[in-house]
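Q: I would like to go through this structure with you step by step. Could we begin with the whole chain and then turn to single residues?

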Amino acid sequence: MNKSYGFIEISGVVAAIDALDIMCKTADVEFVSWERKLGGRLVTIIVQGDVAAVTQAVETAAANGIKKPVNHAVIARPHEEIVKIVELSASRLEKQK
């Protein structure tokens, strides 16, 4: 798999969950982690998959979610330092279970 990360930063947990649902239903992507800032008022959802799937998922969620995202991005073939940051986020989420 040509690894790629997709990020959607959006206002509110409900809007973030809606965006994640859209992304997962749109393309073959996998949820990696999420980060909540400002008491959950700003949420970043991270998904991974191949470049085409992640791009399609992020663009579809950005265009069709219940709120417009604050920002969104796709990183194809992420640098190893980016992978470390995402893995750290995912490990914190795993510890919360």
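This is a predicted model: local features need pLDDT of at least 70, side-chain atom pairs count only at pLDDT 80 or more; totals for chains, interfaces and linings use all residues.

**The chain and some of its residues**

Q: In what order do the elements run from the N terminus?
A: Read from the N terminus, the order is β-α-β-β-α-β-α. The chain is as compact as a globular protein of that length, because its radius of gyration of 12 Å is close to the 13 Å that the globule rule gives for 97 residues.

Q: What does the C-alpha trace span along its principal axes?
A: The span is about 30 × 30 × 20 Å.

Q: Now the contacts. Of those between residues at least 6 apart in sequence, what percentage join residues at least 24 apart?
A: The figure is 75% for the chain.

Q: Let us move to single residues. Where is Q48 found?
A: Q48 belongs to strand β3, which covers residues 42–50.

Q: Is Q48 buried or exposed?
A: Q48 counts as buried, because its relative accessibility is 16% and buried means under 20%.

Q: Which side chain does Q48 join in a polar contact?
A: The side chain of Q48 has a polar contact of 2.8 Å with the side chain of E30. E30 is also listed among the contacts of Q48 when neighbours within four places in sequence are left aside.

Q: What does T44 touch, not counting residues up to four places away in sequence?
A: T44 touches F7, I8 and E9, and also S33, W34 and E35.

Q: Changing topic: which strand holds A73?
A: A73 is in strand β4. A73 is partly exposed, with a relative accessible area of 33%.

Q: What does A73 touch, again without residues up to four places away in sequence?
A: The residues touched by A73 are Y5, G6, F7 and V58.

Q: How many Å apart are A73 and E87, C-alpha to C-alpha?
A: The separation of A73 and E87 in space is 17 Å, and they are 14 residues apart in sequence.

Q: Which loop contains R77?
A: R77 is in the loop between β4 (71–76) and α3 (80–96). R77 is exposed, with a relative accessible area of 62%.

Q: What is the phi of R77?
A: R77 has a positive phi of about 45 degrees, although R77 is not a glycine.

Q: On to another loop. Where is R41, and is R41 buried or exposed?
A: R41 is in the loop between β2 (30–37) and β3. R41 counts as exposed at 58% relative accessibility.

Q: With which residues is R41 in contact, leaving aside neighbours within four places in sequence?
A: R41 is in contact with I10, S11 and G12. R41 and I8 are 33 residues apart in sequence, and 14 Å separates their C-alpha atoms.

Q: Finally, helix α1. How exposed are V13 and V14?
A: V13 lies in helix α1, which covers residues 13–26, and V14 is found in helix α1 as well. V13 counts as partly exposed at 32% relative accessibility, whereas V14 is exposed at 61%.

Methods. Residues are numbered from 1 along each chain as its sequence is written. Side-chain values use heavy atoms; hydrogens and water are left out. Helices (H or I, at least four residues) and strands (E, at least two) are DSSP runs, numbered from the N terminus. The radius of gyration is taken over C-alpha atoms; the globule rule is 2.2 Å times the number of residues to the power 0.38. Contact means heavy atoms within 4.5 Å. Buried means under 20% relative accessible area, exposed over 50%, partly exposed in between (1.4 Å probe, protein chains only). A polar contact is a pair of N or O atoms within 3.5 Å; within protein, one must be able to donate a hydrogen and the other to accept it, and residues adjacent in sequence count only if both atoms are side-chain atoms.
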